[in-house]
Amino acid sequence: MKRLDLEGLRHDIVLKADELQAEAARLEASQPDDAAMLRRIADRLMVYMQEYLEA
């Protein structure tokens, strides 16, 4: 994969993780279990991206 493609992918994943965090914040009061799940997914996306970039 080209470096530019990887940067674009990283950018998209970071944006998606941010969207998931925002959605989790919105759901926190009414659906705390769903909010926690979304936060875990967002956290995992960021960890996987960091591990991938370090490899």
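Trainee: In which handedness of crossing does α1 pass α2?
Mentor: The crossing of α1 past α2 is left-handed, a term used when the near helix is turned anticlockwise from the far one by less than a right angle. Helices here are DSSP runs (H or I, at least four residues), numbered from the N terminus.

Trainee: What kind of model is this?
Mentor: This is a predicted model, in which local features need pLDDT of at least 70, side-chain atom pairs count only at pLDDT 80 or more, and totals for chains, interfaces and linings use all residues. Residues are numbered from 1 along each chain as its sequence is written, and side-chain values use heavy atoms, with hydrogens and water left out.

Trainee: At what angle do α1 and α2 pack, and how far apart are their axes?
Mentor: Helix α1 (residues 3–27) and helix α2 (residues 32–54) pack at about 160°, and their axes are 8 Å apart. The axes are lines fitted to C-alpha atoms over the stretch in contact, with angles from 0 to 180 degrees between N-to-C directions. The two helices are therefore roughly antiparallel, the word for angles over 145 degrees.

Trainee: And how do the residues of that contact divide?
Mentor: The contact of α1 with α2 has 18 nonpolar residues, one polar and six charged. Ala, Val, Leu, Ile, Met, Phe, Trp, Tyr, Cys and Pro count as nonpolar, Asp, Glu, Lys and Arg as charged, and the others, Gly among them, as polar.

Trainee: Which residues make up the largest nonpolar core?
Mentor: The seven residues are Ala17, Leu20, Ala24, Leu27, Ala35, Leu38 and Ala42. Such a core is a set of buried Ala, Val, Leu, Ile, Met, Phe, Trp, Tyr and Cys residues joined through side-chain atoms within 4.5 Å; buried means under 20% relative accessible area, exposed over 50%, and partly exposed in between (1.4 Å probe, protein chains only).

Trainee: Which helix gives the most to this core?
Mentor: Helix α1 does, with four residues.

Trainee: What does Leu38 touch?
Mentor: Not counting residues up to four places away in sequence, Leu38 touches Leu20, Glu23, Ala24 and Leu27; contact means heavy atoms within 4.5 Å.

Trainee: Moving on, which residues does Ile13 contact?
Mentor: Ile13, in helix α1, contacts Leu45 and Met49, leaving aside neighbours within four places in sequence. The C-alpha atoms of Ile13 and Leu45 are separated by 7.0 Å.

Trainee: Why does His11 count as partly exposed?
Mentor: His11 counts as partly exposed because its relative accessibility is 46%.

How values were computed. Angles under 35 degrees count as roughly parallel, over 145 as roughly antiparallel, 65 to 115 as roughly perpendicular and the rest as oblique.
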